[in-house]
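Trainee: Let us go through this structure together, one question at a time.

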Amino acid sequence: MADNKRRGEDAGDDRLNDEVVDDVAGDDDATGADEPVSRGGTATRSRARAESADSRPKTRSETDRVGLFGRIARFFREVVAELRKVIWPTRKELLTYTAVVIVFVAVMLTIVGVLDYGFAEGVLWVFGNPS
């Protein structure tokens with residue numbers, strides 16, 4: 001049984017058939033030419049150096065401080081961008097969801113109302129009716 005779990009012998013292992021695909025079309029520079037395409041996504045040293053240079057933290061001079069109005073404008077641009085990603089319901093779905101919510105609220109209201117009335121009558125029965 002342990003022999004079946006060795007790496008490379010398991011036919012059902014999907015990781016062995018994966019390939020790394022480069023999203024950039026027509027990238028013929030020196031870093032892309034010597035980069036091997038493999039399962040593990042290994043990269044060459046030049047690619048690792050290029051990525052580490054891009055991921056270093058920026059200094060204060062590289063990221064100029066944005067004013068109050070610039071930050072507010074960026075906030076609204078980001079809000080609009082996020083709202084465009086939302087999958088809005090169709091009219092039929094919206095009406096269905098609305099009906100489900102209204103029915104659920106009505107059922108819960110009925111249950112709470114019946115329990116409130118029952119407990120009120122129980123308290124009056126235990127402690128007596130003053131009138």
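**Surface and salt bridges**

Mentor: L83 is partly exposed, with a relative accessible area of 44%; buried means under 20%, exposed over 50% and partly exposed in between, with a 1.4 Å probe and protein chains only. This is a predicted model, in which local features need pLDDT of at least 70, side-chain atom pairs count only at pLDDT 80 or more, and totals for chains, interfaces and linings use all residues. Residues are numbered from 1 along each chain as its sequence is written, and side-chain values use heavy atoms, with hydrogens and water left out.

Trainee: In which helix is L83 found?

Mentor: Helices are DSSP runs of H or I with at least four residues, numbered from the N terminus. The protein chain has 4 helices and 0 strands, and along the sequence its pattern reads α-α-α-α. L83 lies in helix α3.

Trainee: What accessible area does the nonpolar patch with L83 have together?

Mentor: Patch residues have over 30% relative accessible area and no salt bridge, and nonpolar side chains (Val, Leu, Ile, Met, Phe, Trp, Tyr) are joined within 5 Å. Areas come from the Shrake-Rupley method with a 1.4 Å probe, and for residues only the protein chains shown count as cover. The patch includes L68, F75, L83 and W88, and its accessible area together is about 950 Å².

Trainee: How many salt bridges does a search of the whole structure find?

Mentor: Side chains of opposite charge can pair when their charged atoms come close. A salt bridge here is a side-chain nitrogen of Lys or Arg within 4 Å of a carboxyl oxygen of Asp or Glu. The search of the whole structure gives 2.

Trainee: Which residue forms a salt bridge with R74?

Mentor: R74 is partly exposed at 40% relative accessibility. The closest N and O atoms are 3.9 Å apart, and the partner is E78.

Trainee: Is K85 buried or exposed?

Mentor: K85 meets E82 in a salt bridge, 3.1 Å from N to O. The two are 3 residues apart in helix α3, so about one helical turn separates them. E82 is partly exposed at 46%, whereas K85, with a relative accessible area of 59%, is exposed.

Trainee: Which element has the highest mean pLDDT?

Mentor: pLDDT is the predictor's confidence in each residue, from 0 to 100. The chain has a mean of 74, and 50% of its residues reach 70 or more. Helix α1 (residues 30-33) has the lowest mean, 51, and the highest, 96, belongs to helix α4 (residues 91-127).

Definitions and conventions:
Patches are made of residues with over 30% relative accessible area and no salt bridge: like charges are joined within 9 Å, nonpolar side chains (Val, Leu, Ile, Met, Phe, Trp, Tyr) within 5 Å.
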